[in-house]
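The model is a predicted one.

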Amino acid sequence: MENRKEEKVTLLPRRLFLRLAALALAAVLALGLTACDSLPGSGGHTVKPSTGSSQPFEMHFIDVGQALSVLVECDGQFMLYDGGNVDDGSLVVSYLQKQGVEQLQYVFCSHAHEDHVGGLAAVMAKFPAGHAYSPVTESSTKCFNDFVKYTQQQGLQLEVPSVGTVWPLGSATVTLLGPVTGYSETNNTSLVLRIDYGDTSFLLTGDMEKTAETDLVNSGANLKADVLQVGHHGSSTSTGYLFLNAVLPEMGVISCGTGNKYGHPHEETLSILRDAKVDVYRTDLQGTITIGSDGQNFTVGTERFVPDSQLNPTDPSSSSTAQQAYIGNVNSKKFHLPTCANLPAEKNQILFSSYDEAIAAGYAPCASCIK
């Protein structure tokens with residue numbers, strides 16, 4: 001990871017996640033600064049090449065292509081959330097070894113699909129673990145059964161955790177928020193984890209889709225987080241307005257593969273993230289993404305620099321504000337900004353691509369969010 005670029009992000013009182021201008025980072029790369037040098041950027045940030053872990057808390061979104069694997073470290077303790085596909089097993093093991101992992105406090109399989117559980121057998125075969133968790137203990141797939149086999153070879157039983165369970169990871173806390181009910185759709189069974197370290201917070205959602213998102217919001221769970229692992233690799237089946245409005249993240253990380261056959265991330269999801277002013281990071285373009293925290297501030301490291309216009313090509317940076325999307329309430333005939341606290345339930349929502357379109361449809365602007 002010698003070529004990883006880092007960006008220090010200071011959280012202001014309103015917890016704005018500020019990002020360095022692409023021009024400043026390009027200047028750093030052009031100057032070829034050494035690890036001891038830094039360049040002031042917009043908002044007082046500094047950018048420098050990575051010299052390794054420097055934060056007591058780190059979350060690594062490992063580049064496993066069209067899959068998901070997240071390593072979390074706090075105060076020298078480690079947990080793993082998913083392991084990518086079967087073919088990613090050796091890559092994940094190698095990455096963990098490079099990070100100094102000798103044992104894992106917890107291993108979480110978000111759900112039983114191969115692109116999440118596949119590499120966990122290799123992980124369990126290599127690293128001793130304190131506990132292993134999954135929403136189910138049985139599945140018909142070989143990759144899941146291999147995960148169970150190597151878990152049992154350690155003398156562990158695969159556990160199904162209960163919502164509300166809290167685990168310590170160093171001085172961080174990990175809380176299971178969902179799933180809040182049973183689902184026949186495997187994606188919706190994804191274990192949803194909230195991780196808090198100091199005043200910073202992270203949300204891991206696996207492949208949770210909109211049905212489970214809505215149920216989770218309605219459960220009253222504390223969903224507000226600074227960093228969101230965008231569900232289902234950026235698919236339009238996940239990340240609904242209602243859920244995103246409850247989380248209000250400053251940063252969204254999408255784990256997906258370059259040129260994947262599903263077209264992830266979908267334009268609809270990128271547009272929703274744009275409308276909510278969420279900064280997008282993507283493993284397909286930037287490689288492994290590492291977020292460090294000292295409890296107040298973030299440091300974001302990526303393997304490759306990519307301008308914002310590529311990370312979220314729906315961002316209308318040169319367009320007029322008239323192209324802002326709005327959400328109408330079919331009952332009240334009011335329309336809102338996507339970040340409004342008074343959004344209607346999804347079943348009562350209608351999307352307008354501009355202010356004028358909403359007015360032409362007979363809707364009136366919400367007095368709270370549209371001034």
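The second largest cavity has a volume of about 30 Å³. The count comes to two cavities of 30 Å³ or more.

**Cavity lining**
- The residues that line the second largest cavity are Tyr241, Leu244, Asn245, Leu248, Ala276, Pro338 and Thr339.
- By class, this lining holds five nonpolar and two polar residues, and no charged ones.

- Strand E12 spans residues 200–204, and five of its five residues are buried.
- In a regular strand the side chains alternate between the two faces of the sheet.
- In E12, Thr200, Phe202 and Leu204 point one way, while Ser201 and Leu203 point the other way; all are buried.
- Strand E11 (residues 192–197) runs antiparallel to E12 and is joined to E12 by five bridges.
- Leucine 193 has leucine 204 in E12 as its bridge partner.
- Two residues lie between the strands in the hairpin of E11 and E12, where glycine 198 takes a positive phi near 60°.
- With strand E13 (residues 227–229), E12 pairs in the parallel sense over two bridges; phenylalanine 202 has valine 227 in E13 as its bridge partner.
- From E12 the chain passes through helix H6 (residues 210–218) to E13, a right-handed β-α-β crossover.

**Four-stranded sheet**
- An open sheet of four strands has the order E20-E18-E19-E21, with mixed pairing.
- Strands E20 (349–352) and E21 (364–365) are at the edges with a single partner strand each, so one side of each is left without a neighbour in the sheet.
- Strands E18 (residues 326–329) and E19 (residues 334–336) run antiparallel and are joined by two bridges.
- Isoleucine 327 stands opposite histidine 336 in E19.

Technical notes
Residues numbered from 1 in each chain as written. Predicted model: local features only at pLDDT ≥ 70, side-chain atom pairs only at ≥ 80, totals over all residues. Heavy atoms only, no water. Pairing = 2+ DSSP bridges. 1 Å grid on protein atoms, 1.4 Å probe; cavity = no way out; pocket = protein on both sides within 12 Å on 5 of 7 lines; lining within 4 Å. Points joined across faces, edges and corners; volume = space filled by probe spheres on them. Nonpolar A, V, L, I, M, F, W, Y, C, P; charged D, E, K, R; others polar. Buried < 20%, exposed > 50% of the residue type's maximum accessible area, 1.4 Å probe, protein only. Right-handed = clockwise from strand over helix to strand, strands pointing away.
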